[in-house]
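Have a look at the model first.

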Amino acid sequence: MSEKTVLVISAHSADFVWRCGGAIALHQEQGFDVTVVCLSYGERGESAKLWKDEGASLEGVKAARRKEAENAAKALGAHEIEFFDLGDYPLEMDRQGKDRLVDVIRRVQPAFMLSHSLDDPYNTDHPYATRMALECRMIAQAWGHKPGEKVLGAPQLYLFEPHQTEQCGWKPDTILDITEVWDKKRAAIECMEGQQHLWDYYTNVAENRANQFRRNSGGQAGGRAARYAEAFQSIFPRTVDQL
């Protein structure tokens, strides 16, 4: 594993693709190893197209979702993808599940983490995943949890963009230019055959965020010509030597 690592905690097996696929591909190209944890497959609540197939079953839908996510992770160049299979609608994590996630966090020792917005009235699985990410980040920092293991430092947690930004109280403070890896993200998006209705939606989101990247990097006075971007909201203060 690279000394530079990133951890993505995704509630369902497609969320990481729409919301931070560009960040995954870009950082992999920059020498980071990106590990993706899917807490569930999203088999019950986010697989309507698959359930419409004749003879659809829970295990069959889960298998299809896993395959889609594995193909997407490969398209992005992700270092590793892990599936917790905790179930969805609702997503719930017991102490054993939390300990498992803490183990992953300590093993990866991420430079930063990515997860969902803190609120989402349309899908409570999403903020639940982030609450678990924050709780397990805290536990991973505790010297008394499994003494003798390497404890976690203080990685930033970036919240990626929810589907309904205004209703989720999400306000981005970081915009990432993903133009050079857009082809990888679009290829990953097209792996998610169970949610084709989102393919063009998230392409439009990336184009809109690129417009904001251009404006905030200099605008008409010489902003960088980004064509696709992703936006994030940071949770913790950043420690800097200059602004």
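Start with W182 and Y228: both are buried (under 20% relative accessible area, with exposed over 50% and partly exposed in between, using a 1.4 Å probe and protein chains only). Bear in mind that this is a predicted model, where local features need pLDDT of at least 70, side-chain atom pairs count only at pLDDT 80 or more, and totals for chains, interfaces and linings use all residues. Residues are numbered from 1 along each chain as its sequence is written, and side-chain values use heavy atoms, with hydrogens and water left out.

**Aromatic pairs**
- The structure has 7 aromatic pairs (Phe, Tyr or Trp rings, the six-membered one for Trp, with centres within 6.5 Å; planes under 30 degrees apart are stacked, over 60 edge-to-face, the rest tilted).
- Y158 and F232 make an edge-to-face pair, with ring centres 6.3 Å apart and planes at 65°.
- Y158 is buried at 18% relative accessible area, and F232 is buried at 4%.
- The W182 and Y228 rings are stacked, with centres 4.3 Å apart and planes at 5°.
- F32, F112, Y158 and F232 form one aromatic cluster.

**Charges over rings**
- R100 has its charged end over the F84 ring, 3.9 Å from the centre (NZ of Lys or CZ of Arg within 6 Å of the ring centre and within 35 degrees of the ring normal).
- R137 lies over the face of F236, 3.8 Å from the ring centre.
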